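Reader: Please show me the assembly, and then let us go through the contacts between its chains one at a time.

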4 protein chains.
Amino acid sequence: MYSTENITAEELENLRYPIGKYDRTLPTTEASLRNAIDAIAELPGNLRATVVTLSDEQLDTPYRPGGWSLRQTIHHIADSHMNAFIRMKLALTEENPTIKPYEESLWANLPDAAGDIETSLNLLDALHERWVLLLDNLNPEKWKRTFNHPESGITPLDMAAHLYSWHGKHHLTQIQNLRDRMDW
Amino acid sequence: MYSTENITAEELENLRYPIGKYDRTLPTTEASLRNAIDAIAELPGNLRATVVTLSDEQLDTPYRPGGWSLRQTIHHIADSHMNAFIRMKLALTEENPTIKPYEESLWANLPDAAGDIETSLNLLDALHERWVLLLDNLNPEKWKRTFNHPESGITPLDMAAHLYSWHGKHHLTQIQNLRDRMDW
Amino acid sequence: MYSTENITAEELENLRYPIGKYDRTLPTTEASLRNAIDAIAELPGNLRATVVTLSDEQLDTPYRPGGWSLRQTIHHIADSHMNAFIRMKLALTEENPTIKPYEESLWANLPDAAGDIETSLNLLDALHERWVLLLDNLNPEKWKRTFNHPESGITPLDMAAHLYSWHGKHHLTQIQNLRDRMDW
Amino acid sequence: MYSTENITAEELENLRYPIGKYDRTLPTTEASLRNAIDAIAELPGNLRATVVTLSDEQLDTPYRPGGWSLRQTIHHIADSHMNAFIRMKLALTEENPTIKPYEESLWANLPDAAGDIETSLNLLDALHERWVLLLDNLNPEKWKRTFNHPESGITPLDMAAHLYSWHGKHHLTQIQNLRDRMDW
């Protein structure tokens, strides 16, 4: 049985960042880039396999006390990765464009974030397929192109690929950990 | 047989805008809004039915002399409607946000716009499903929320719904007209 | 408003067979076969476009007095076409195999025929894609291969292609006609 | 580097049955049935995650010397599970119906088994969703209903659920093992 009483700040941080925060200082290598693209490719299938047996009630459970429900998390991944795909295409077609951030916590409470998860699972299948086709065709020069995030700063595409590889696993692990804790 | 010799500027304009340009001055009514949402809902199926019998060679044919190939057009619809979905969610969560335009003609030449159309057809199925769920849950006050397009100006959501209803039909008709002219 | 009172037997027959019954005596030509394959290819998109705007309540309405609901009809199309795909592959790999019929009215009342229509729409997209790939690669000799249906008799593949082309339109028109009568 | 020279019969058997053969004598419990349904639900996502990064050349590699290519294996899973879904529905609507087997090795060489794997991955997503909805709604009495396989004999539905849970993992592990051996 899973109790949320008397949870410490450290425990909460571990629930929130189960694979740690994204480390912007890690070096990019050819191998790390290949791993990042592969992780982006594999995320939709792994996510589907992880959530497909869950009931509506389970999907509406927060992944941590005070956190998003699994359903919101799944729709958020689709929202976030559509934005990421667009940012990377902006970087490839303009000179260091300043991209438009979005208020992810407000988006997670819009009506479409309460819908059937199948929709966002299907969206992720298709979106990541196009995304990987794009990334598989970048040369070293293109990987160094950048977009400017008003808060996070200038981001080269290779760093963005690592970031979103991390981002998919980050949320997937949040969900897997809840499944484990709840014995679902 | 379809010849592109001696095509007049007017004929070219008709190929390019087969249902006319979008008319920003048309009044919005409850019925017109319902029609716009329904058109957004029906676009992915109608597009799939229109292009599914086409060969790779046919898909790589420009819809008009000097225009995008059908393949580029299909991937463009997915790109455009992801951007539109994001703009409408920005309008719902921020005060008249200035959105980031994109260079659609450059995007149409990125590597992912040469991929299998099935990917973007599936993406559109899922994306429009979430989009319609969002639009179906807006009240009159929300429909008046706006985003600011740096070139087109301030756009309320009801106008955006009409615009993208038009946009889907616009490209679908370009494709249908090529099929008719070529007797495909 | 749509009233079912005082409906005549002939009117009921027209509701049931809106494009007529399948005519086994029609000759097969190269053109009729091409049309049949194209119709099989286009069915999933046309069906999706026709039903995507319908509410759950509308989907649970019978297409005619005493008939299946639209939801049952949609799941039936997926069931029927999976069986058809399998029968055609049996005919291509065995000598006039006797296929196993199924009780379609009992299948329409199994639990999975009450589920979300999106599932069967997606199934039809993928199934028809594989089916068309199979049919597009048959030579005239293969088209004459047969399966034996215990009730309907020996069926060559070219006749089966025409039958299922008809079958898809048959149910699609039932649904479209209800939409028209109800002004949905 | 992976060499197939001098492979022993035992090694070949291990490549072919990496999780062992299906054991018909294993007892069925409520827990084993839950696990079987969950495994059926999770198969499409796990399969997608396992094969999505593979190139066309890799997909056309046999999973073992003399065995099917990965591509044939993936299309076979879709073929097999469509047949299984149909057999289980026959058992639920007729009294111990004799089902129609199929020549799986001949089917694996039909033209549609050379197509894009995305099609069968999407088909499996949708098919397993409907299948799980069916299985989740069976009561103990229904689980004891049977179909008769002309060669394998009378098969109750609970045994069939275990069999196809095994079948999915069996082929998934064949594919995963090739990936490991080849260091893909």
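The questions and answers below concern two interfaces.

Author: This is a predicted model, in which local features need pLDDT of at least 70, side-chain atom pairs count only at pLDDT 80 or more, and totals for chains, interfaces and linings use all residues. Residues are numbered from 1 along each chain as its sequence is written, chains are lettered from A and ligands numbered from 1 in the order in which they are written, and side-chain values use heavy atoms, with hydrogens and water left out.

Reader: What area is buried between chain B and chain A?
Author: Contact, meaning heavy atoms within 4.5 Å, takes in 36 residues from chain B and 36 residues from chain A. Buried area is the accessible area (1.4 Å probe) that two parts lose on being put together, summed over both. Carbon and sulfur atoms give 71% of it here, and the area itself is about 3,200 Å².

Reader: Which element of chain B gives the most to the side that touches chain A?
Author: Helices here are DSSP runs (H or I, at least four residues), numbered from the N terminus. Those giving two or more residues to this side of chain B are helix 4 (70–93), helix 5 (104–107) and helix 6 (117–135). With eleven residues, the one that gives the most is helix 4 of chain B.

Reader: How many salt bridges does the rule find across the interface of chain B and chain A?
Author: A salt bridge is a side-chain nitrogen of Lys or Arg within 4 Å of a carboxyl oxygen of Asp or Glu. Lys89(B) forms one with Asp112(A), where the closest N and O atoms are 2.6 Å apart. Across this interface of chain B and chain A, the number found is ten.

Reader: What area do chain A and chain D bury between them?
Author: The contact takes 13 residues from chain A and 13 residues from chain D. Glu42(A), Ala49(A) and Thr53(A) supply 34% of the area that chain A buries against chain D, more than any other three residues. Of the area buried between the two chains, 55% is on carbon and sulfur atoms, and the value is about 1,100 Å².
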